[in-house]
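Have a look at the model first.

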Amino acid sequence: GQHFELLDHRQTWGEDRVYYYDDQEQLKSLPAAWTSVSAADPFVSIAAGRSYFHSASLAELSRWIGRRKA
């Protein structure tokens with residue numbers, strides 16, 4: 001529910017990020033997907049709160065946990 005002036009929108013750290021100054025004039029960044037800059041994720045729109053995770057993300061998490069147990 002907050003509004004900040006967008007300073008930059010670019011690919012950084014392997015993801016789309018937005019840059020802005022916070023209330024204390026500190027440069028901050030967020031994943032663009034967390035803002036209104038990016039289009040809504042179709043999965044999130046269709047799921048309408050009924051599911052919080054993409055199946056591909058859960059499969060990757062399962063593989064990651066499996067590697068940690070080994």
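This is a predicted model: local features need pLDDT of at least 70, side-chain atom pairs count only at pLDDT 80 or more; totals for chains, interfaces and linings use all residues.

Strand β1 (residues 8–12) and strand β2 (residues 15–21) run antiparallel, joined by 5 bridges. Within that pairing, Gln11 sits opposite Asp16 in β2. On its other pairing, β2 meets strand β3 (residues 27–31), again in the antiparallel sense and over 5 bridges, with Tyr21 standing opposite Leu27 in β3.

Both pairings are hairpins, and each has a residue with positive phi:

| Hairpin | Residues between the strands | Residue with positive phi |
|---|---|---|
| β1 and β2 | 2 residues | Trp13, about 55° |
| β2 and β3 | 5 residues | Glu25, near 65° |

As a reminder for reading the strands, side chains in a regular strand alternate between the two faces of the sheet.

## The whole chain

So what order do the elements come in from the N terminus on? They run β-β-β-α-α, and the secondary structure totals 2 helices and 3 strands.

Buried residues make up 14% of the 70. Of the contacts with a separation of 6 or more, 4% are between residues 24 or more positions apart.

As for the surface, the accessible area comes to about 6100 Å², with 55% belonging to carbon and sulfur atoms. There are 8 positive and 9 negative side chains, and the centres of the two sets lie 16 Å apart.

Notes: Residues are numbered from 1 along each chain as its sequence is written. Side-chain values use heavy atoms; hydrogens and water are left out. Two strands pair if DSSP finds at least two bridges between them. Helices (H or I, at least four residues) and strands (E, at least two) are DSSP runs, numbered from the N terminus. Buried means under 20% relative accessible area, exposed over 50%, partly exposed in between (1.4 Å probe, protein chains only). Contact means heavy atoms within 4.5 Å. Accessible areas come from the Shrake-Rupley method with a 1.4 Å probe; for residues, only the protein chains shown count as cover. Lys and Arg count as positive and Asp and Glu as negative; His and the chain ends are not counted. The place of a charge is taken as NZ of Lys, CZ of Arg, CG of Asp or CD of Glu.
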